[in-house]
Amino acid sequence: MTTTTTTAEAERRTVSGSTPGAARGPRRPGRIRRIGLPYLLLLPALVLELLVHLVPMVMGILMSFKALTRFSIRDWSAAPWSGFDNYKISVDINAPAGEALLHSFWVTCGFTVLSVGLCWLLGTATAIFLQDTFRGRGVLRTLFLVPYALPVYTAVITWAFMFQHDNGLVNHVLHDQLGLTDKPSFWLIGDNSFIALLTVSVWKGWPFAFLVIMAGLQNIPKELYEAAALDGAGMWQQIRRITLPSLRPVNQVLVLVLFLWTFNDFNTPYVLFGKAAPEAADLISIHVYQTTFATWNFGTGSAMSVLLLLFLLVVTGLYLLLTSRRRKTADV
Amino acid sequence: MRSIRVAAIGAVTLSLALAVSACGGGSSTAGGGGSNDSPKTLTYWASNQGASIAVDKKVLKPELDKFEKQTGIRVKLEVIPWSELLNRILTATTSGQGPDVLNIGNTWSASLQASGALLPWDDKNFGGIGGKDRFVDSALGSTGVKGEDPAAVPLYSMAYALYYNKKMFADAGISKPPATWDDVVADGKKLSKDGKWGLGAEGANLSENIHQVFVFAKQHGADFFTADGKPDFTSDGAVSAIKQYVDLMAKDKIIAPGNAEYAQNQSLSDFAKGKTAMVLWQTASATFASLGMKDDEWGVAPAPVRSGTPGTGTAVNSMVAGINLAVFKNTDNHDGALKFVKFMTSDAEQKILNKAYGSIPPVKSAQSDPAFNTQATAALRDTLAKSAEALPQVADESQFETSVGTAVKELFADAAGGRPVTTASVKAKLEKAQQQMPAK
């Protein structure tokens, strides 16, 4: 691809170069218009983007350098500057605030790895199994997409009901019907809350993986499989040698998006556990929320958000660098 | 070509307009202070006092219409659920875009007072609504830091009482409601059998936890804040108070373990269904009725003390619960807002509203109405008058609710999960809670 465009451009350049002077004068405004128009049309979107995303972000960064508490929220621009104090509090892992943030960070990392891994695995497996045509395939595909189509709050509230200790469906099945546990378990408090959170997160996230991979699969030419089958490749080999490599560009984006969504997920733990999440399921977004709103310490909350943003930027940057480099080497 | 130019001009105009309006948005309010720019309307944020938001609208709407008839001011009502109210107020404070008049939980008074978002009720403002003397002292004690102008005016007063299921008590052979905690435990043990339980609790509700342990701490002679407003969560009294509360589940086993995850008033529906025999609650009568429990099926008694009868000092048996009415400092209808507060705290409205919500009027002259002398309300009124104390009126109150409330929630989780709850484990949780408080 790259070689063809460069040669075409070179040709164009030589063409315009061969007729110097003649058309240059009158053409310039036309070219400016041609070049400028797309930017002009992009302007509203750009301004909105600045307003909706960048301005709050910059404000958040500003706030993180201020001692912004209940005494100053009414006119936060008048809050005293505090330099890096908020950051010091956030990263001082020997003090309670930093220690709690670090704990929350590790919980979030573990949760994200497990959730993204499971979402991807389930999504890929299901998409591959649903590749062959059979009766009821359309129904199944639709059914699997339901969790993705449901409003998050409704879905998670339903899960919260199902996870209840006394009347929940989960305990009813696990304990009353199957007898797998000695006594009904607590899912919304204590250590099990991590499992509850992971379950809901995977349930909610895997249909997206399924959808994206299903779309990706449509682009793999059937001939490849036919040729592979002729050469005696089994199903497992076909998946390993054809499907997965062909899906690599899709997976690159999918895993990144899932990672960002899961790492930042606020709705699921908030609806499931309320304002104070159990320690085992204290995701970082809830933690920052609690620092900010429940304790009215907006400066420290902002500093934690900025740290989170930096971390995600670094991870995303490294990820893109590594995966695209690998892709480039693979392409050559 | 021409259409492109039109599109381009349109795009530029639109983006410029957006940019200008965005810059303009916040500036008008930056100066603060109230004005009378829109004298014909008021926005009122009401808290959720009835069984549902719809009930609140039904109760308040006719009264607001009355106000409009009297003054010509139209009141735009928004009823806000408790889970959101404080955040909404904080957002309004930050942006300066808020209601004109609003309800606040009276325990937030001092915290919100510190933010400077609410109009201070100095003598002049109080004079406009008939003077401070019209209000009950205990209710006034929960309107802000002592010695400063109150941040709000009492609207509804409530107190904790012990509600019990008459039939379950009779079946267990208990002739009168318990008066001390020892009685509660003894009776609770008789009642806790066959899947039924003695007492209900909302173990995962942070505010509810605070209300309970505040009273326990008082009864142990402890306070969560020192006289000069510093957090003091780990005193022996505070530790044994919280341990005593959690032990009702952990050691005495009269609270069902499942209550450890309750935060949405499930304990009230358990009570209405006859699954638990007792519950400590504030003004629960209206809720019981909405859950289908008849008035003669339950009884009400003063909340228990450690020994003797309820009174002051270590015989306190309730917090001063209630709702205050505040005026947002940035209001654009200052005079109208004060008129509205005067209307809502008038004798007539106090009687109507408090009757509808089952609460007690904080206005002395409205209390004489016979409606506040029934079995349900007499106990509450008595408690408020004799043995209720206000939660600490310090600026850090809301942080205290979060940190200590969470500690109690975690201790209940331990008790429910069968992990031991010891003096040491309680103290450790409280130490952690204290460390989370902002450094002075």
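1. Two residues are in contact if their C-beta atoms, placed from the backbone, lie within 7 Å. In this predicted model, residues 24 or more positions apart account for 76% of the contacts in chain B with a separation of 6 or more.

2. The secondary structure of chain B consists of 17 helices and eleven strands. Its radius of gyration is 24 Å, close to the 22 Å that the globule rule gives for 440 residues, so chain B is as compact as a globular protein of that length. The C-alpha trace of chain B spans about 85 × 50 × 45 Å along its principal axes, and 52% of the 440 residues count as buried.

3. In soluble globular proteins, nonpolar side chains tend to be buried together. Here the largest nonpolar core has 167 residues, and B:Tyr163, B:Val213, B:Ile242 and B:Val341 have the most contacts inside it. This core lies between domain 1 (41-157 + 321-389) and domain 2 (160-319 + 392-435) of chain B, because both domains give residues to it.

4. Beyond its neighbours within four places in sequence, B:Val213 is in contact with B:Ala241, B:Ile242, B:Tyr245, B:Val404 and B:Val408. A second, separate core of 13 residues includes A:Val116, A:Ala209, A:Phe210 and A:Leu258.

5. Helix H14 (residues 347-357) of chain B has as its buried residues B:Gln350, B:Leu353, B:Asn354 and B:Tyr357. These residues cover an arc of only 95° around the axis, which means that they lie on the same side of H14(B). They pack against helix H2 (53-71), strand S4 (153-158) and helix H12 (285-290) of chain B. Just after H14(B), B:Gly358 has a positive phi of about 75°.

Note on methods
Residues numbered from 1 in each chain as written. Chains lettered and ligands numbered in written order. Predicted model: local features only at pLDDT ≥ 70, side-chain atom pairs only at ≥ 80, totals over all residues. Buried ≥ 20, exposed ≤ 12 C-beta atoms within 10 Å, placed from the backbone. Helix = DSSP H or I, 4+ residues; strand = E, 2+ residues; numbered from the N terminus. Arc of directions from axis to C-beta. Rg over C-alpha atoms; globule rule 2.2 N^0.38 Å. Core = buried A, V, L, I, M, F, W, Y, C linked by C-beta atoms within 7 Å. Domains from an automatic or database assignment.
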